[in-house]
Protein chains: 2
Amino acid sequence: MLIRLDGKDALYLQVYRALRQAILDTDLGPGSRLPPTRLLSRDLGVSRNVVLQAYDQLYAEGYVEGKVGAGTFVASELPEELLQAIRTSHQDGPRETVERRLSAWGQRALRSGAPTRTPPYPEPPLRWDFQYGEVAPDEQCLKLWRRLLARRAENLHLNYSPAEGWPELRVHLSEYVRRSRGALCSPEQVLVVNGSQQALDLSARLLIEPGDPVVIEEPHYQGARQSFLSAGARLVAAPVDDEGLNLSAVDTEGARLAYITPSHQFPTGAVMSLARRLEMLDWAESHDAYLLEDDYDSEYRYGSRPVESVQGLDRRGRTIYIGTLSKVLFPSLRLGFMVLPEDLLPPFVAGKWLLDRQSPTLEQAVLADFISEGHFERHLRRMRTLNAERRRVLLEALEEHLGDAVEIQGTNAGVHLLVWFRHLRAVEMDDLIRRAAARGVGIYSVDRYFLSPPERGGLVLGYSSMSPPEIRRGVAELAKAIRDE
Amino acid sequence: MLIRLDGKDALYLQVYRALRQAILDTDLGPGSRLPPTRLLSRDLGVSRNVVLQAYDQLYAEGYVEGKVGAGTFVASELPEELLQAIRTSHQDGPRETVERRLSAWGQRALRSGAPTRTPPYPEPPLRWDFQYGEVAPDEQCLKLWRRLLARRAENLHLNYSPAEGWPELRVHLSEYVRRSRGALCSPEQVLVVNGSQQALDLSARLLIEPGDPVVIEEPHYQGARQSFLSAGARLVAAPVDDEGLNLSAVDTEGARLAYITPSHQFPTGAVMSLARRLEMLDWAESHDAYLLEDDYDSEYRYGSRPVESVQGLDRRGRTIYIGTLSKVLFPSLRLGFMVLPEDLLPPFVAGKWLLDRQSPTLEQAVLADFISEGHFERHLRRMRTLNAERRRVLLEALEEHLGDAVEIQGTNAGVHLLVWFRHLRAVEMDDLIRRAAARGVGIYSVDRYFLSPPERGGLVLGYSSMSPPEIRRGVAELAKAIRDE
């Protein structure tokens, strides 16, 4: 607690004035706690009684509120002239001024569409939220997770661990992707990152020079687009058909990077054919380019056998593989990983070190145990069954309530569907989203996933955070919202 | 598990061949586990007996090892020709080729001095390691931490939380820096990051354009230098005297950013005088520049009262404040925070989102509890006492064993000392470091913290990871190592 006594008047008045000033300057903000009188008196070298008198004075004048036992707090409701002082103590410079002070990357980041602030939670809250990427708690998994967490916390690794990632985790992840994704990799090729967004950002930063053409799918995950745009990429948007991205439809001259989601194109759900996969690899080789394979939800396939990753077909070190744990465990974990060609390891490790030195060790160690003890793959099988059921129910409900009004894409995999309206246009979506929200239903337009959004209205419906009954009810309410207008 | 049956011969032979190929291709690496026969037979739609026969065949030929109950594993010792296949399956492209493929940032990052791989742990291990920044376990703190961790894990927040940081944590951090560092900030100005390195990287990325002059202290924290160099900064190294960085000694024309450690200059320990602090603020205002205030270990002051942060003197939004929890809690936590001028919030929030969307939620929530329940400041007081004792013992031991052979800087604060040799030159340090390591003592040259290292030999001795007896013994062994040559 930093307060200066001015040496005038009685000690308690000096303390009172100093604290009062601190409150006016918001060094002590509304509602914040004053130091315990015992501590402050010790810090200032005055008797505790002096501090008590000063607090009483502040209390008498309404600057602070005492909660017996709970300590003394700055009044949450301060007189207007005080609030004025607080407001003016932080000037907000005009936006242009700030933009002028930013690097080219900073200016592009501002314009990339990446959120510049987190919007407040919607009021009323969304009871049936079809937000893509959210998950529902799975008690069986969380119980195990908590147990492993407690065990590792008993014996916490406190100091820095390798930038590449926790060694055991790299081993278990490499075995997992070899086993389940047909990937071709050694533990040394695995780099642990804070979720797939960091993998995208790191790749964009290390491989894209402003002005470089970068091939992306149209539509595509907007987080990737925003990272590439911030890096100054000139985006080459290749159309997606039933076989996945169609390279032959665009001019890729000079492109050194292509971002693809072969196992389950986001958001259309198309699975890239083997022919196209080999075509992509040849393209990369002939253009001295890299393929950025985002295998974001390959774990969720229903009925069909899993499709091998492009990385597993690549013997020439052209593929950068990105895996995430957000879809199969939970997003707030912030863990993902990359499988890198060996010659890219040094720059990516240096980049990771510069970004944040390493990902948090505790989560990495817990995840390593979770995989090595077999919980991970058991959990995956259970989630596959759960999400298959959610998907079935969602499809039924859409059929029942919307029927021919919609056309549905991407039903064979993943944790979302793409729903196109036959008679609603894109411009009508905002209004529909508002009407649905009023009924407690969260829906999200497909627009954001396009570089050039289509005329036709479409929604991406995520279903991994709701129970089958919630999904049914959510679709019923959505149908009402559609009829509302 | 991705294996293809070729349809020739008996089923068990097809399965055997497919698995054998997978082992040769290292799709199944040495020591990795084969899928349970029950699962594989189900996946392949063949009888379990077929799979068992295939496994027996592989076992007979030495490709796999069976551990009863523990499952079947690929042999860890494979015949040479197999290992050959494994090695050649990852070609290492020539370094130049890769550099050519990197962005300018990537190429600078490679040359910045940031580690491109984590070196293996030293053999024999260092029994007395004066590594700066490492911490010793503090059972009292860890017990509390584990308790809060378990409580928050009971009720884990699974989905994304704001990029700005966990709301409660931002409130508690802002109160903490107002109270203890005299900072002037509202919770909205706090951005939670993954340790101070991410704060440095984010600032460099948002504020530095290639070619921009950036003022740093000489010497300085090398992680900051490496981030600025990677961003393409032209470094202007200002000398440090007893009053801290001396701006008048350098040409700062065109500089828009100055990186400073006013409360405890790293690594010299100088405390920036009030006059210099005000000078820095005026400089920033007149140059339309920002001050990047790294308050990395201000919590550790011995005897003297804490010094107010520069941010707390700044009413014109010129200071970007960086705080870290690595020094007071533990580095593997990877949590730090920034206090930003309000007009810089939008670009920094967008930047943080693009980097990794958010820091892990669990640790943020636990830290929020740790602070709000008063554990944090109690812990700080205890650590201050512990580190004061370690420092006292280190100074005594240096006096006893090295006496006039060394000159010591930066004793009034922090968790490290800077030791200059009177008769050893910088070129002799590598040899001394080797001799010390042979005795189990870890020492680190001050060189890395200089843009232009001095002739004279110097060491940065961190003492926060050792007990007083270990410190005494370590210095004694160091003294022997010095006499060795």
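Which residue forms a salt bridge with A:Glu407? The partner is A:Arg456, and the closest N and O atoms of the two sit 2.9 Å apart. What makes this pair worth a look is where its members come from: A:Glu407 belongs to strand β12 (residues 406-409) of chain A, while A:Arg456 belongs to strand β15 (residues 456-462) of chain A. If you search the whole structure, you'll find 61 salt bridges over all chains.

Before going further, keep in mind that this is a predicted model. How confident is the predictor in chain A, going by its mean pLDDT? The mean is 89, and 93% of the residues in chain A reach 70 or more. One stretch to watch is residues 81-94 of chain A, where the pLDDT is below 50. That stretch still has 21 contacts in the model beyond near neighbours in sequence. Where pLDDT is low, though, predicted coordinates aren't something to read in detail. For the complex, the predictor gives an ipTM of 0.82 and a pTM of 0.82.

Now step back to the layout of chain A. It splits into three pieces: domain 1 (11-90), domain 2 (118-136 + 379-483) and domain 3 (155-373). Domain 2 is written as two segments, 118-136 and 379-483. Going by C-alpha atoms, the centres of domain 1 of chain A and domain 2 of chain A are 51 Å apart.

Next, the contact between the chains. Chain A puts in 119 residues and chain B puts in 119 residues. How much area is buried between chain A and chain B? About 10100 Å², with carbon and sulfur atoms giving 54% of it. On the chain A side, A:Arg101, A:Arg205 and A:Leu354 lose the most area to chain B, yet together they account for 8% of what that side buries.

What about polar links across the contact? Between chain A and chain B there are 10 salt bridges. A:Glu154 gives you one to look up: it forms a salt bridge with B:Arg146, the closest N and O atoms being 3.5 Å apart. As for secondary structure, helix α12 (residues 345-356) of chain A gives the most to the side that touches chain B, with 10 residues. By residue type, that side of chain A divides into 50 nonpolar, 34 polar and 35 charged.

Notes. Residues numbered from 1 in each chain as written. Chains lettered and ligands numbered in written order. Predicted model: local features only at pLDDT ≥ 70, side-chain atom pairs only at ≥ 80, totals over all residues. Heavy atoms only, no water. Contact = heavy atoms within 4.5 Å. Buried area = accessible area lost by both parts, 1.4 Å probe. Salt bridge = Lys/Arg side-chain N within 4 Å of Asp/Glu carboxyl O. Helix = DSSP H or I, 4+ residues; strand = E, 2+ residues; numbered from the N terminus. Nonpolar A, V, L, I, M, F, W, Y, C, P; charged D, E, K, R; others polar. pLDDT = per-residue confidence, 0-100. Domains from an automatic or database assignment.
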